[in-house]
Amino acid sequence: GMAAIGDKELVRQFADFVRQEYVAVGMRVALHPQIDLATEPRWPRINGTFGEDAALSARLAAAYIAGFQGEALGPESVACMTKHYPGGGPQKEGLDPHFSFHLGQVYPGDNFDYHLIPFKAAIEAKTAAIMPYYGVPVDQTDENVGMAYNHAIINGLLRQDWGYDGLVCSDWGLVTDVVTPEFTWPARAWGVEHLSAVERVAKILNAGVDMFGGESCPVYVIEALEAGLISLERVDQAVRRVLRLKFALGLFDNPFSDPADLTQ
């Protein structure tokens with residue numbers, strides 16, 4: 001709807017209103033904006049995007065981030081975790097990589113770079129965090145593995161080429177399976193299904209991701225460190241990025257919200 005209106009000031013104002021509501025209830029990180037390009041109409045998540053126009057998505061993404069974060073991160077900001085880098089729209093046959101039946105991300109017309117345009121704008125707008133998607137960028141890098149496992153996508157393109165030094169958080173459930181009495185939902189470890197949980201953790205960290213979404217497995221980080229699969233320097237780097245964001249948001253100075261704000 002906001003993309004159809006196309007008014008970036010309206011988008012900024014909307015984001016600012018939501019920021020105030022989030023801060024009032026103590027929510028300080030937003031797992032959005034979702035700025036994938038809707039180039040594959042069968043993909044079921046296009047309703048969360050700003051559409052298929054990269055230039056429009058870039059303009060609105062920057063306004064959205066400005067409304068949530070303000071001119072600089074502070075105690076009244078909500079940090080944006082922009083997703084799904086580097087663009088989750090071009091899923092083959094629209095099959096979503098939350099599930100094992102996905103077929104990877106393909107780029108008809110060799111349009112990989114087109115999907116990057118909104119993310120470049122988000123980084124210029126100083127998004128506090130980036131979330132890579134589950135998808136496999138088929139034949140776009142030196143290995144066909146999911147984005148958060150992909151050294152060329154994170155450390156190469158995002159870190160080295162674009163100079164991004166903010167927090168990178170994986171999408172949810174990349175390491176361990178979700179097991180319930182009714183079903184098992186396998187970890188979205190696409191391309192590295194053969195690796196152990198410890199090896200997956202190491203590969204994600206070494207690819208440039210700092211934080212594991214939807215996982216509670218710190219013991220695997222310790223085991224990977226003890227096995228020499230990751231360095232202490234890399235762990236320290238990841239921890240610094242997490243702490244730096246928390247300090248910028250003022251969470252160590254005042255981690256609590258004021259119930260009185262809820263009535264305003």
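Colleague: Which residues of H4 are buried?
Modeller: In this predicted model, Phe112, His115, Leu116, Pro118, Phe119, Ala121, Ala122 and Ile123 of H4 are buried. The word is used for a relative accessible area under 20%. Helix H3 (54-69), E2, E3 and H5 are among the elements that cover these residues.

Colleague: How do you know that the span of H4 agrees with its 13 residues?
Modeller: At 1.5 Å a residue, H4 should span 18 Å, and its end C-alpha atoms are 19 Å apart, so the two agree. There is a bend in H4 too, of about 30° at proline 118. After H4 comes lysine 126, with a positive phi near 65°.

Colleague: What makes E2 and E3 a pair of strands?
Modeller: Pairing needs at least two bridges. Strand E2 (residues 79-85) and E3 have four, in the parallel sense, so they count as paired. In E3, alanine 129 stands opposite methionine 81. The chain gets from E2 to E3 through helix H4 (residues 112-124), in a right-handed β-α-β crossover.

Colleague: And how many bridges join E3 and E4?
Modeller: Two, again in the parallel sense, so this pair meets the requirement of at least two. Here alanine 129 has leucine 167 of E4 as its bridge partner.

Colleague: Now the aromatic rings. Why is the pair of phenylalanine 50 and tyrosine 64 called edge-to-face?
Modeller: Their ring centres are 6.2 Å apart, and a pair needs centres within 6.5 Å, so they qualify. Their planes stand at 70°, and over 60 degrees counts as edge-to-face, so that is the label. Both phenylalanine 50 and tyrosine 64 are buried.

Colleague: Which parts does that pair tie together?
Modeller: Phenylalanine 50 is in the loop between strand E1 (29-30) and H3, while tyrosine 64 is in helix H3, so the pair links parts 14 residues apart in sequence.

Notes. Residues are numbered from 1 along each chain as its sequence is written. This is a predicted model: local features need pLDDT of at least 70, side-chain atom pairs count only at pLDDT 80 or more; totals for chains, interfaces and linings use all residues. Side-chain values use heavy atoms; hydrogens and water are left out. A crossover is right-handed if, with the strands pointing away from the viewer, the path from the first strand over the helix to the second runs clockwise. The expected span of a helix is 1.5 Å times one less than its number of residues. The bend at a residue is the angle between axes fitted to the seven residues ending there and the seven starting there. Buried means under 20% relative accessible area, exposed over 50%, partly exposed in between (1.4 Å probe, protein chains only). Contact means heavy atoms within 4.5 Å. Rings of Phe, Tyr and Trp (its six-membered ring) pair if their centres lie within 6.5 Å; planes under 30 degrees apart count as stacked, over 60 as edge-to-face and the rest as tilted.
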